[in-house]
Amino acid sequence: MRRSRWPFVVTIAVLLFFYLPIIILIVNSFNASRFESGWQGFSLMWYQRLFHEPEIWRAAKNSLLIAVCATAASLVIGTTAALALHRFARTRLQRFHFGLVYTPLVVPEILMGISLLMLFVAAGVELGLFTIFLAHVTFCISFVAMTVLARLQDFDEAVIEAARDLGAGWWVTTRRVLIPMLLPGLVAGALLAFTLSIDDFVITFFVAGPGSTTLPIRVYSMIKFGSPPLINALSTILLAVTFTAVAASQRLSRARR
Amino acid sequence: MKRESRQKVQEILVSWPSLFWLCLFFIIPTLFVFAIALKPANPYGGIGPGWTLDNLRALANSNYLTVAWRTVWISVFSAAICLVLSTPIGYYLARVSARWKGFFLMLIIVPFWTNFLVRIFAWKVLLHPEGAIKKALALVGLIGPQTSLLYNSGAVVLVTVYAFLPFTILPIYAAAEKFDFQLLEAARDLGAKPFQAFSRVFLPGIRRGLLTALLFVFIPALGSYVIPDIVGGPGGEMIGNKIAQRVFVDRNLPLASALSVVLILSVLAPLLAVLVLQRKREKPESLI
């Protein structure tokens with residue numbers, strides 16, 4: 001039977017569609033032209049200019065701080081949620097619990113942003129880095145819980161029972177058996193939470209206050225009001241950082257195996 | 001009995017951190033949105049005392065109706081294009097050799113490690129009057145020098161498809177991976193034309209993947225805000241933009257809440273529809 005060529009053609013076309021904008025953006029970040037109208041020679045001037053923007057560095061620091069704290073908090077809460085969902089599955093409480101953990105994954109970001117804003121306004125909480133942290137933990141919990149739950153679901157309960165039978169207490173079982181076995185799931189969940197936190201714009205935008213600018217908020221105001229070549233340069237740096245991080249984590253997970 | 005109650009205590013101990021956090025920061029805020037939609041605004045950008053239906057009445061404004069209608073058709077179009085493009089890709093990935101499969105999956109996921117804003121910005125540059133696409137199309141004569149590719153609903157659909165395509169490719173691929181391709185050959189042997197076999201055997205076979213993919217693009221598209229904000233212009237505004245304008249431009253939180261209630265309800269509708277559809281379809285299958 002002769003197979004149709006169409007699926008292959010569509011795949012290649014879509015991949016081109018995916019990469020075209022990103023490649024043009026990277027190329028333009030080295031373009032000496034100010035208005036993106038044609039190539040006017042190779043230049044690093046936009047990168048140099050970027051280093052003289054203190055606002056960007058301050059925003060990057062804020063983003064990093066929030067991402068680290070939100071990752072830590074959501075890792076703890078998300079993991080306990082996954083343990084509860086796995087260990088006590090099928091009770092009525094856990095059915096409700098699962099719905100509660102799952103729903104934030106399908107709710108559009110803007111709804112989470114506006115509802116948290118309403119909560120903070122009604123409770124009289126001042127908007128700033130702390131409210132951003134609370135919001136980020138809220139959406140990261142679900143992603144961490146789902147990642148860890150997936151890991152829990154394909155592991156062997158018998159190992160834990162064996163540890164118990166051999167006389168290990170609750171703490172020793174957790175520390176010497178459960179956590180090492182869960183580690184890949186925990187690392188994956190933490191990475192996901194960190195990336196989501198550092199990338200989030202919509203929810204952050206709603207709950208940010210004056211003086212709590214994060215990197216995505218800075219990028220947004222540059223897109224709206226700033227000069228395009230500068231954003232090209234910043235985007236290229238962000239791209240390089242993400243690629244390095246992901247490549248490193250892939251290398252790490254392969255080495256462990 | 002004693003063992004059971006100890007289990008219950010254990011269960012509550014492990015469950016309370018997430019239950020507490022999500023009740024406080026997810027359920028209660030959502031209830032606040034519904035409540036504040038029924039409150040009057042005060043002149044200082046806050047929430048006034050008493051209750052009112054004015055915000056809901058304000059929604060009947062023809063401007064909001066236009067935007068609501070546009071939100072729906074942009075989401076429908078984007079979802080349809082995503083599914084049409086993802087299906088052949090899922091089919092291809094499921095049939096290609098393991099080495100190529102890993103390579104292509106990698107290529108599909110990699111661009112989406114980049115920041116969402118950066119990807120939208122890249123399109124703003126491309127579609128710009130001075131950008132590459134405009135120049136190329138004008139050169140070939142497909143568009144006049146005055147046509148604008150940016151700041152209209154078409155640009156919003158294009159960028160929405162770009163942003164959500166990987167989220168539709170992956171579930172469709174996962175479903176196609178489980179599909180038994182010998183069924184296609186059987187259909188052909190029984191005299192089906194290639195397209196008939198594809199549409200009457202393959203598509204029903206990956207139905208679950210298609211439904212998941214549909215939800216993954218349609219729901220976020222309904223709540224889109226950044227994409228229409230950056231490439232849509234006034235002619236491409238969606239309900240998300242209206243919510244943001246009420247919050248950031250004229251600081252009318254009750255009206256923003258009323259708009260959000262509409263969005264919440266319109267997100268719930270397709271979600272429930274798919275749940276019901278999946279449950280109905282599953283029953284006869286489980287008998288086999």
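**Close-up 1. B:R251 sits in the loop between α12 (239-248) and α13 (253-287) of chain B.** Helices here are DSSP runs of H or I, at least four residues long, numbered from the N terminus. B:R251 is not a glycine, yet has a positive phi of about 45°. With 14 C-beta neighbours inside 10 Å, B:R251 counts as partly exposed. The scale runs as follows: buried means 20 or more other C-beta atoms within 10 Å of the residue's own, exposed means 12 or fewer, and partly exposed lies in between, with C-beta atoms placed from the backbone. The model is predicted: local features need pLDDT of at least 70 and side-chain atom pairs count only at pLDDT 80 or more, while totals for chains, interfaces and linings use all residues. Residues are numbered from 1 along each chain as its sequence is written, and chains are lettered from A and ligands numbered from 1 in the order in which they are written.

**Close-up 2. A:R90 lies in the loop between α3 and α4 (92-106) of chain A.** A:R90 has a positive phi of about 85°, although it is not a glycine. It counts as exposed because it has 6 C-beta neighbours inside 10 Å.

**Close-up 3. Helix α3 (residues 54-87) of chain A meets helix α8 (residues 170-199) of chain A.** Their axes come within 8 Å and cross at roughly 140°. Axes are lines fitted to C-alpha atoms, for helices over the stretch in contact, and angles run from 0 to 180 degrees between N-to-C directions. α3(A) and α8(A) are therefore oblique to each other. Angles under 35 degrees count as roughly parallel, over 145 as roughly antiparallel, 65 to 115 as roughly perpendicular, and the rest as oblique. The crossing of α3(A) past α8(A) is right-handed: the near helix is turned clockwise from the far one by less than a right angle. On α3(A), the contact residues include A:S63, A:A70 and A:G78. On α8(A), they include A:L186, A:G189 and A:F194. Contact means C-beta atoms, placed from the backbone, within 7 Å. By class, this contact has nine nonpolar, seven polar and no charged residues. Ala, Val, Leu, Ile, Met, Phe, Trp, Tyr, Cys and Pro count as nonpolar, Asp, Glu, Lys and Arg as charged, and the others, Gly among them, as polar.

**Close-up 4. Helix α3 (residues 62-95) of chain B packs on helix α7 (residues 153-178) of chain B.** The angle is about 40°, and the axes are 6 Å apart. That makes α3(B) oblique to α7(B). The crossing is right-handed. The contact of α3(B) with α7(B) has 19 nonpolar, seven polar and two charged residues.

**Close-up 5. Chain B touches chain A.** Here 63 residues of chain B are in contact with 65 residues of chain A. Helix α1 (residues 2-36) of chain B gives the most to the chain B side, with 16 residues. That side has 47 nonpolar, eleven polar and five charged residues. B:I28 is found in helix α1 of chain B. Leaving out residues up to four places away in sequence, B:I28 touches A:L119 and B:C23. B:I28 has 15 C-beta neighbours inside 10 Å and so counts as partly exposed.

**Close-up 6. The largest nonpolar core has 137 residues.** Such a core is a set of buried Ala, Val, Leu, Ile, Met, Phe, Trp, Tyr and Cys residues joined through C-beta atoms within 7 Å. A:I114, B:V159 and B:V231 touch the most other members. α7(B) gives the most to this core, with 16 residues. Among the residues that A:I114 touches are A:F206, B:V33 and B:I243.

How values were computed: Helices (H or I, at least four residues) and strands (E, at least two) are DSSP runs, numbered from the N terminus. Two residues are in contact if their C-beta atoms, placed from the backbone, lie within 7 Å.
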